[in-house]
Amino acid sequence: MVGVMAQEPPKKKKKLNIDESESLYDYTKQVISSNASFQFAIVANPEINAKDTVNCPFKQALKELQFRTDIAFIVVLGNITADGSTASLEIARDMLKKSEKQFYVVPGRKDIVLENAGGTEFKRVFGDDCFRANVNGVFFLGLNTTQLVAAETGHF
């Protein structure tokens, strides 16, 4: 787990909203001038296994983060599961929901390639395989970069 603090110099506050007519470039130019100060947690490779959740380090990490009032949200990066199973994905989602912190999740190779449905279960369980979020005027974009070898397709 790594904590990161995002701080920008104080400037005049203005409400930032992105709509379909704005480009991402225009939006990021606005965000750079935001007055944001917050911390968030990054958890990478939790590798949840539905067959063994008793001694799960991910569960312990979430328990510790739940009581951190200085953490605005949690980002979980890649290999959410050890085996790509739907049961493991659902357990990970339920653990995150119990933490009562806002969370954002991006799958890893094990979540997409090892999953029998080729990534569709990840999207069903978590709602999508990428995210975008505006937190205190700072724009976050999480992308699935896992290549689906069998289909010879991939992501940016």
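Residues are numbered from 1 along each chain as its sequence is written, and side-chain values use heavy atoms, with hydrogens and water left out. Because the model is predicted, local features need pLDDT of at least 70 and side-chain atom pairs count only at pLDDT 80 or more, while totals for chains, interfaces and linings use all residues.

Q: Are the axes of α2 and α3 roughly parallel or roughly antiparallel to each other?
A: Helices here are DSSP runs of H or I with at least four residues, and strands are runs of E with at least two, numbered from the N terminus. The axes, which are lines fitted to C-alpha atoms over the stretch in contact, with angles from 0 to 180 degrees between N-to-C directions, come within 9 Å and cross at roughly 15° for α2 (residues 57–66) and α3 (residues 86–98). Angles under 35 degrees count as roughly parallel, over 145 as roughly antiparallel, 65 to 115 as roughly perpendicular and the rest as oblique. The two helices, α2 and α3, are therefore roughly parallel.

Q: Which residues in α3 does α2 meet?
A: Contact means heavy atoms within 4.5 Å. From α2, the residues taking part are Phe 58, Lys 59, Leu 62 and Gln 66, and in α3 they meet Ala 92, Met 95, Leu 96 and Lys 98.

Q: Does Arg 93 count as buried or exposed?
A: Buried means under 20% relative accessible area, exposed over 50%, and partly exposed in between, with a 1.4 Å probe and protein chains only. Arg 93 lies in helix α3 and, not counting residues up to four places away in sequence, touches Val 125 and Phe 126. Because its relative accessibility is 18%, Arg 93 counts as buried.

Q: What is the relative accessibility of Glu 100, which counts as exposed?
A: Glu 100 lies in the loop between α3 and β4 (102–106), and its C-alpha atom is separated by 9.8 Å from that of Leu 65, 35 residues apart along the chain. Glu 100 counts as exposed because its relative accessibility is 69%.
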